[in-house]
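Here's a walk through a predicted model, strand by strand and contact by contact. Have the coordinates open as you read.

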Amino acid sequence: QVQLVESGGGLVQPGGSLRLSCAVSGNIFSIDTMGWYRQAPGKQRELVARIFVGGSTNYADSVKGRFTISRDNAKNTVYLQMNGLKPEDTAVYYCNAAVTPMRRPSYDYWGQGTQVTVSS
C-alpha cells in the first residue's frame, strides 16, 4: 500500500514563507512525476507545480518566481518552497505522485492535503 504524507502547512502573514514536504512510503518500485496542487474554497483544484524524474519542472503562472519545487529521490520526498506568499495563495495543498508499486501498475496517488492560510 502506498501512502503520501504531507507536512508544513500553516498560517503565515503576506510576504512570508512556508515549506511543504510530502513523503511517499509503501511497497514502491518507482516514482515518476511528483507535484503539488491546491484547491481554494469554491474553486477547482489546480496545478501549482510539478517535477519530473529528470528534474525538469513546470509551474502555474501565478506562482512563477515565488515557489520552487524540488525532490529527493533517495527519500521519495517532494518539497514546495513558497516565498512571497499572498492571500490568494490560501488553499488546501495536495501532494500528487505517479507511483508504480511492486508488481502492480502505475497509479496516481494523492496526499490528504495540508492547509495554507495567508493572512495578516
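## A buried charged pair

Let's start with Asp89 and Arg66, both of which are buried; that word stands for a relative accessible area under 20%, with exposed meaning over 50% and partly exposed the range in between (1.4 Å probe, protein chains only). Their side chains meet in a salt bridge, 2.8 Å from N to O. The term salt bridge covers a side-chain nitrogen of Lys or Arg within 4 Å of a carboxyl oxygen of Asp or Glu. This pair ties together distant parts of the chain: Asp89 sits in the loop between strand 8 and strand 9, Arg66 in the loop between strand 6 (57–59) and strand 7 (67–72), and 23 residues separate them.

A word on the ground rules: residues are numbered from 1 along each chain as its sequence is written, and side-chain values use heavy atoms, with hydrogens and water left out. As this is a predicted model, local features need pLDDT of at least 70 and side-chain atom pairs count only at pLDDT 80 or more, while totals for chains, interfaces and linings use all residues.

## The rest of the salt-bridge network

Asp89 has another partner: it forms a salt bridge with Arg38, where the closest N and O atoms are 3.0 Å apart. Here too the link spans distant parts of the chain, from Asp89 in the loop between strand 8 (77–82) and strand 9 (91–101) to Arg38 in strand 4, 51 residues apart. Strands here are DSSP runs (E, at least two residues; helices are H or I, at least four), numbered from the N terminus.

Arg38 also forms a salt bridge with Glu46, with the closest N and O atoms 2.8 Å apart. How accessible are these two? Arg38 is buried at a relative accessible area of 6%, whereas Glu46, at 35%, counts as partly exposed. Put together, Arg38, Glu46, Arg66 and Asp89 are linked in a network of salt bridges, and the model's count comes to 4 salt bridges.

## Strand 9 and its partners

Strand 9 has 10 of its 11 residues buried, so it is largely enclosed by the rest of the structure. Strand 4 runs antiparallel to strand 9, with 9 bridges joining them; strands count as paired if DSSP finds at least two bridges between them. Arg38, the residue from the salt-bridge network, stands opposite Tyr93 in strand 9.

Strand 9 also runs antiparallel to strand 10 (residues 107–110), joined by 4 bridges, with Ala97 and Tyr109 as bridge partners. The hairpin of strand 9 and strand 10 has 5 residues between the strands, and Arg103 takes a positive phi near 60° there. Strand 11 is antiparallel to strand 9 as well, through 3 bridges, and Ala91 stands opposite Val116.

Now for the open sheet of 4 strands, which has the order 1-3-8-7 and antiparallel pairing. Strand 1 (3–7) and strand 7 are its edges, each pairing on one side only. From one strand to the next, the twist averages 15°, using axes fitted to C-alpha atoms (for helices, over the stretch in contact) and angles from 0 to 180 degrees between N-to-C directions. Strand 3 and strand 8 share 6 antiparallel bridges, with Ser21 partnered by Tyr79 in strand 8.

## Disulfide and core

What joins Cys22 to Cys95? It's a disulfide with an S to S distance of 2.1 Å, the rule being cysteine sulfur atoms within 2.5 Å. Cys22 in strand 3 and Cys95 in strand 9 are 73 residues apart, and both are buried. The link is left-handed, at -80° about the S-S bond.

The largest nonpolar core has 31 residues, and Val24, Trp36, Leu80, Met82 and Tyr93 touch the most other members. Such a core is a set of buried Ala, Val, Leu, Ile, Met, Phe, Trp, Tyr and Cys residues joined through side-chain atoms within 4.5 Å. Strand 9 supplies the largest share, 5 residues. Beyond its neighbours within four places in sequence, Leu80 is in contact (heavy atoms within 4.5 Å) with residues including Trp36, Val48, Phe67 and Tyr93.
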